Amino acid sequence: MSDSFPSQASVVVIGGGIMGCSTLYHLAQMGADAVLLERNKLTSGTTWHSAAQVRALRHSQNLTRMIQYSVDLYARLEEETGQSVGWIQEGSLSIATTQDRLTHIRRQEALAKAFGVAAFEVSAGEAAERWPLMRSDDVLGAVWSPEDGRVSPSDVCAALVKGAKARGGKIFEDSGVTGILTERGRIVGVETKRGVIRCDAVALCGGLWSRDLGAMAGAKVPLWPCEHFYLLTKPVEGITGNMPTLSDHDSHLYIRDDSGGLLVGCFEPMGKPIRPGILTEDFAFGLLPEDWDHFEPMMLNALHRLPVLETAEVKMLLNGPESFTPDGMFMLGETAETPGLYLGCGMNSVGMASGGGAGMNLAHQIVHGSMAYDLSEADAKRFAPVFDSVEHLMARTPEILGTHYEIAYPGRQLQTARGLRRGPVQDQQEAAGAVTGQFYGWERPLYFGAPALPRLRFDRPDWFDAVGAEVRAAHEGAAIFDASTFGKIDVTGSDAEAFLSHVCAGNLSKPVGRASYTPLLNARGTYESDLTALRLAEGHYRLSVSTNAIARDLAWLRAHAGAFDVHLTDVTEEFATLALMGPDAARIAQDLGALDLLSLRYFHHTATEIAGIPARALKMSYVGEFGWEVTCAANDAARLWSAFAQSGATPAGLYAQTSMRIEKGFAAMGHELDSDVTPHAAGMGGMLRKSGGFLGADALSHPMPRSLVTLVLEDAQAVPLGHEPVVRSGEIIGQTTSTAFGYRVGQPVALAHLRHVEDGASVQVNIAGKLVPARMQLAPAYDPAGARMRIAA
C-alpha cells in the first residue's frame, strides 16, 4: 500500500486486524514514525468475521472508559476520513430468566450508573416490546442500554488506515515477519520476506499467531484459538430495519438482525480448542468447518427464545477462530522478557469493542512510557510462565470462552489447568481440608473445612462460618497464614541502598535488621507497586512483592537499575513464608524455643530457630493481630507448619486474611492502589520520605486529596462484592474496592475511593439496586490499638 519498503522505523506494528490498525493510527497521531506489517491482507485473520458488537459496560471503570473511547473514536473517524465505519446504534437488551441472572444484571445497571453509561432496568413486558420476535413468558426482567451498537469491522479498519496514512503511517501487506531481532535482550528490528527493518519497538498485534511471533523474541504470549460459532439466516418476516442486540446469557446467546435475517451467536459453556497445525500462515479470510453437533444445544436454546427460527432458512453456520487467554482478559503492554516488545493481542472475542481504546493505550505506552490510565488487569506481564504450554492453553481456553456469559458470582474459580504449581506446604494444607484458588499458577488456600464445591450464590456463601472460625482463631488464639507464594526478590551489590532509595518512596536507609513498607511510584507519582523490604546486610535486601506481581515488579526494577551496581535475583521458590498471627502466637514461639521473638519490635526482623528449624522472623501483621511472618528454606516449610499446628495454631486462608485486611483498612495493589492512585489519595502520604529524591517525588509537590475511606454497612445481612456505587444525598460519589464481612466488628465492611470525603458521614451502597446505609470513616473498622500477645506462665 506504500511504495518503498523501509529499512528503519521507530515502531513496527505486526498485524493488520483491528488492534494493529488502531495502534498504527494512534502511533501516527502521537507523532511516531510507525510501520504496519501484515502477512496477508488487512483484517484477514479474525477481524473480518467479527460480529462487531460494541457494548460499553465492563466490570471496571477503566475498561468501560476504554470502550467508550472506542465508540467516540469510531464516530469521529467518519468525520475525519470520510470513510463510513458502519456504526449502527440501536442499543442492547440483556434479559434475565433466573433470579440470580436478574441480580447480576441489576448489579450491572448499578455499575453503569457509577461509570456514566446509560442503562435502565425494564420489565419483561417492555423487553418484549423492544424485541417482539422473542419468546418472553419466562423473562423476569431486563436491562436496556440505549447507547450500545455495532460497526462494520472492515470499514473501521479502512478508516483507521486512512487516518494513519494521512499522518505518515505506512502499511505493507503481504509482508510476513520471519524473525524478531534482539540485542542484549532488547528489540532492535524485525526480519521480513522483503527485508530487515531496524526499530526501537515492536507492537505485536498478530492475533491468532501472536504466540508464535512472541516466541521469536523470547517472550511468552499465552493465548490459544478456539472455534466461535454464529448462525446466519436468510430474511425473516418481522425484521424491518435494524434492531437492538438481544443478550440471552442464560441461554449463552447473543442475537441481532443481519441483512433482514438473524445472526445468532453463542459462547457455549465449554468451547472447542483448535488443534495445532490448523491455522497456518496461509490461513487468510478463512473459516473452519461447520459443526452442527457441537452447535445443537445452542440451536435448541435459540429455537426456544426465537420461535421464528423454526421456519427460517439457514444461510450458514459460521465457524471462525478467535484467540483466548488463560483469564479471559486481553494482553496489553510491554513484555517481561523482552524490553521493547509490546503486546496488543488475545482479545477474547471483544476486539472490535476494545480495539479503539486498547490501541490508543498501547500507543500511549510506547510513546509516553505508560498507559493513558490504569489497565493493570490487562498487563502483559501478569501470567506465570507455566501457563504458556499447549497442554494448559488447550485445556483452559475452551472454559474461558464459556465464561463470557456466566453470572459473576463471588468466589467462582476456574476448573481447568489447575494444580500447575504446588506450594511448599500444600500437602499439609490439603490434609487440613484446604479449598484452594489459583494465583499465578499456585494453589492458595481460600478457606479450610467448608464444602470443596460450594454453591455459587449472591447471599451469604457456604464458607461464611468456616472463614469466621479462622478469623476467631487469629483474633483469640493463633492462626497460620501461608504467604509462600508472595514474590521474593534479592537485591545485592554496593549500590543496593542507593538503588532502592531511588525507586522506592519509603525509607530504605534503615539499618540491618529493620524492614520497610514502601510504595514503588512512577514518574507521575502514582503506584507501580508496593512491597516490604528487609535489610539483611549492608548490601543485601530481600523484597516481598505480591504473588501476581513478580514478573511485573522484576521488570520495573531491572528497567531502572542500569546506572547502579546491583544484582536482582528471583528467590521466590527457594523460601517459604508462614505468618503466625494471634495473641497465642507468643506462647507458641516460646514453646518452640524462639524466645528471642518475644522482644522483637514492630518492623524488625531477626535470624532465629523455631522448633530447631533455621528461620527469619519479621514482626509485622497484614491482619491487625499480633504476630510474625516467618521465612525458612522451602524444604523446611512442612516441618515448620507441623510445629505451628501441633502447638495449637489453626490453618487460615485467603478469605479470612482479606476480611481482616479490610477491617484494618490496609490497601492492596489492584484493589485500592494502582497507577491512577497517589499515596496521598490512599491516605499514605506519611509513608513518603520527606527528603524526596525518589522516582515520582516531583509529581507529588501538589498532593491529591485523600479519597480512600472505610465503609461500615448497617445491614449485617448485606453482601457487597466490590465495585458497588456509593451514594450520598442522591449523588454517586465513588465506588467500593475491596469488600468482606468483618467478623471482628460483626458488620459488612468495605474500602472505597470517594469524592467529598467527610469522616463520619452517612452514605448508601448500591448492591444490585438496593441502597444499603453505611458510615464513612477515615479510621479502620477494626483497630486493636496494640495487638495483644499471650505468654505461657
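Two strands are taken to pair if DSSP finds at least two bridges between them; helices (H or I, at least four residues) and strands (E, at least two) are DSSP runs, numbered from the N terminus. This is a predicted model, in which local features need pLDDT of at least 70 and side-chain atom pairs count only at pLDDT 80 or more, while totals for chains, interfaces and linings use all residues. Residues are numbered from 1 along each chain as its sequence is written, and side-chain values use heavy atoms, with hydrogens and water left out.

**View A. Pairing of β23 and β33.** These strands pair in the parallel sense over 3 bridges. F481 stands opposite A652 in β33.

**View B. The open sheet of 6 strands.** The strand order is β30-β31-β32-β29-β23-β33, with mixed pairing. Because β30 (605-610) and β33 (650-652) stand at the edges, each with a single partner strand, one side of each is left without a neighbour in the sheet.

**View C. Helices on the sheet.** α11 lies across β23, β29 (575-581) and β33, and runs at about 115° to β23 (angles run from 0 to 180 degrees between N-to-C directions; axes are lines fitted to C-alpha atoms, for helices over the stretch in contact). Helix α15 (residues 637-646) packs on the sheet, its contacts (heavy atoms within 4.5 Å) including β31 (613-619) and β32 (627-633).

View D. Just after α16, G665 takes a positive phi of about 80°.
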